[in-house]
Amino acid sequence: MRVETLGDGEPEIAVVGGIHGDEPAGVRAVEQFMQSRPEVARPVKLVIANEAAIERGERYVEADLNRSFPGRADGRSHEIRLAHALGEELRGCVTLALHTTQSYGGMFALVDGVRDLAREICPRLSVDAVVETGHAEGRIFEVAPDTVEVECGYQGTEQAAENARQVVGEFLAATGALPDEKAHRRTDLPVFRLGDPVPKTAADEYEVFVDNFEEVLAGERIAAADGEAVLAEKDFHPVLLSAYGYEDVFGYTAERVGTLSG
């Protein structure tokens, strides 16, 4: 894990990239800020998390870091030990965690719940939606509850890297670390609450027929596994739905629960 601080004093703001080693966009964004070292009004901690997985170009070494929190200093796997160390670094910080996905080309935010932090920060980010994860065991929220995760676009693309750089700047402006000269304001940011996963059976070929965040009606065809259709059991909005993003699920159902205003 690589950690650098911008500014003087003890940081209460953090930006993390590289929680997953096969998602380079966040790593590149954090490295750019490490190199450019902009003058900040509040100290900021910059973290590149799973360096061993990044070096291998793999999601993780032994276990998914974002399912390993709070971790243990004497944990049996690299990621369990790293989760503990990262949790110590992020203690007391308002945190931005950068990710990418195989399911959506734009940006959206994930939060543990829509509280004051999300209401203040999320409408000032260039995201299309906010997703409440609720209690998600093992995720970064276990150690850093004041975290906004942002999915920055398609994994491995230049656009995702550019999105990540942009959202870091917006986050640092929203938290008072950088000037808010080009403030982004979203007045109608939809909020979704994550629900059940959409199971995926073993198959050689998968297809998805619906768009993320667009309402799906009960009985509608969602996806297919080797040509066998998967139908919606009830109305829902898809989140993180893709053909090959996960091994055992297509993605998740969600319910639209409100709107955030900037």
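**The sheets and their setting**

Tutor: Strand β9 and strand β10 (residues 221-225) run antiparallel and are joined by three bridges. Within this pairing, Tyr 206 stands opposite Ala 225 of β10. The model is a predicted one, and the description below is to be read accordingly. The two strands belong to an open sheet of three strands, ordered β9-β10-β11, with antiparallel pairing. Because β9 (206-208) and β11 (228-231) are the edge strands and each has a single partner strand, one side of each is left without a neighbour in the sheet. From one strand to the next, the twist averages 25°.

A further open sheet contains ten strands in the order β1-β3-β2-β4-β7-β5-β6-β8-β13-β12, and its pairing is mixed. Its edges are formed by β1 (2-6) and β12 (237-239); each has a single partner strand, so one side of each lacks a neighbour in the sheet. Neighbouring strands here are turned by 30° against each other on average, direction ignored. The parallel sense is found between strand β4 (residues 94-101) and strand β7 (residues 147-154), which pair over six bridges. Leu 98 has Val 150 in β7 as its bridge partner.

Helix α1 (residues 24-36) lies across β1, β2 (13-17), β3 (44-48) and β4, and runs at about 135° to β3.

At the level of domains, the assignment for the protein chain gives domain 1 (2-175) and domain 2 (194-260). Their centres, taken over C-alpha atoms, are separated by 26 Å. The contact takes 16 residues from domain 1 and eleven residues from domain 2. Between them the two domains bury about 1,100 Å², of which 73% is on carbon and sulfur atoms. Gln 102, Ser 103 and Val 131 supply 36% of the area that domain 1 buries against domain 2, more than any other three residues. The count of salt bridges between domain 1 and domain 2 is zero.

Finally, an unreviewed UniProt entry annotates residues 11-110 as "domain: Succinylglutamate desuccinylase/Aspartoacylase catalytic". Over residues 11-110 the chain is 32% helix and 21% strand, and the end C-alpha atoms lie 23 Å apart.

Technical notes: Residues are numbered from 1 along each chain as its sequence is written. This is a predicted model: local features need pLDDT of at least 70, side-chain atom pairs count only at pLDDT 80 or more; totals for chains, interfaces and linings use all residues. Side-chain values use heavy atoms; hydrogens and water are left out. Two strands pair if DSSP finds at least two bridges between them. Helices (H or I, at least four residues) and strands (E, at least two) are DSSP runs, numbered from the N terminus. Axes are lines fitted to C-alpha atoms, for helices over the stretch in contact, and angles run from 0 to 180 degrees between N-to-C directions. Contact means heavy atoms within 4.5 Å. UniProt positions are given in the numbering used here, feature names are shortened, and annotations may be inferred rather than shown by experiment. Domain bounds come from an automatic or database domain assignment. Buried area is the accessible area (1.4 Å probe) that two parts lose on being put together, summed over both. A salt bridge is a side-chain nitrogen of Lys or Arg within 4 Å of a carboxyl oxygen of Asp or Glu.
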